[in-house]
Amino acid sequence: GVNGGFFTPEFQPLGLMIASGRTTGSFQTSSLLTGAVLQLGDHPYLIWNREYQGNAGAGDFLQSGPRLVDSGAPVAGLKADQGRPRTFVASNGGFMWVVGTAESLSLAALAEIPSTPDVIPDVQVMRALNLDGGRSTALWMKLANGRESSAPGWSTVRNYLAVVPK
């Protein structure tokens, strides 16, 4: 699991968030919030804003951005400066998902990592989305051997994203 989407200084979600069927925030279109992680039934999806068709049937929805990788290639126009701690979620377009953090990268540099062949073994990333980063960057995982590992964040976060095997 990793920290999730952005939030306001009043600790409200920036963009739409649905957690276990409970909706907060509202769908936004901006250069920052360009995509979302969505769960319909048992299936997760990584969608772009133009694909959004309303939240009917969504059990979970987390809007964030900007988009990092589309169709397996880095998204053009991402800032190449401003190295910061970053968090991302990526998918092969099917049922292989990756969440990750980076200590200090620009958005353009972050987009290069998941789109590079063989950087993530056995996963060809087709889409990747930036999540809230900076002081919110955090990661927790339970390894196959049962051991827990984490890279704690520096602040409280409003929401998080968990990838759970079925």
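The following legends describe close-up views of a predicted model.

View A. Five strands, in the order β8-β7-β11-β9-β10, make up an open sheet with antiparallel pairing. The edge positions are held by β8 (73–74) and β10 (97–105); each has a single partner strand, so one side of each is left without a neighbour in the sheet.

**View B. Pairing of β7 with β11.** Strand β7 (residues 67–70) and strand β11 (residues 127–131) run antiparallel and are joined by 3 bridges. Within this pairing, Arg67 has Leu129 of β11 as its bridge partner.

**View C. Helix α1 on the sheet.** Helix α1, which spans residues 107–115, lies across β7, β8, β9 (84–91), β10 and β11. The helix runs at about 35° to β7.

**View D. The largest nonpolar core.** This core comprises 15 residues, and those with the most contacts inside it are Leu68, Leu78, Phe88, Ala90, Val98, Val125 and Ala128. At least two residues of the core are supplied by each of β7, β9, β10 and α1. Helix α1 provides the largest share, 3 residues. In soluble globular proteins, nonpolar side chains tend to be buried together.

**View E. Surroundings of Ala128.** With neighbours within four places in sequence left aside, Ala128 is in contact with Leu46, Trp48, Arg67, Leu68, Val69, Val89, Ala90 and Pro114. Of these, Leu68 and Ala90 are also listed with Ala128 among the residues with the most contacts inside the largest nonpolar core.

**View F. The second core.** A separate core of 12 residues includes Val37, Leu62, Leu129 and Leu131. Leu129 is also the bridge partner of Arg67.

Key:
Residues are numbered from 1 along each chain as its sequence is written. This is a predicted model: local features need pLDDT of at least 70, side-chain atom pairs count only at pLDDT 80 or more; totals for chains, interfaces and linings use all residues. Side-chain values use heavy atoms; hydrogens and water are left out. Two strands pair if DSSP finds at least two bridges between them. Helices (H or I, at least four residues) and strands (E, at least two) are DSSP runs, numbered from the N terminus. Contact means heavy atoms within 4.5 Å. Axes are lines fitted to C-alpha atoms, for helices over the stretch in contact, and angles run from 0 to 180 degrees between N-to-C directions. A nonpolar core is a set of buried Ala, Val, Leu, Ile, Met, Phe, Trp, Tyr and Cys residues joined through side-chain atoms within 4.5 Å. Buried means under 20% relative accessible area, exposed over 50%, partly exposed in between (1.4 Å probe, protein chains only).
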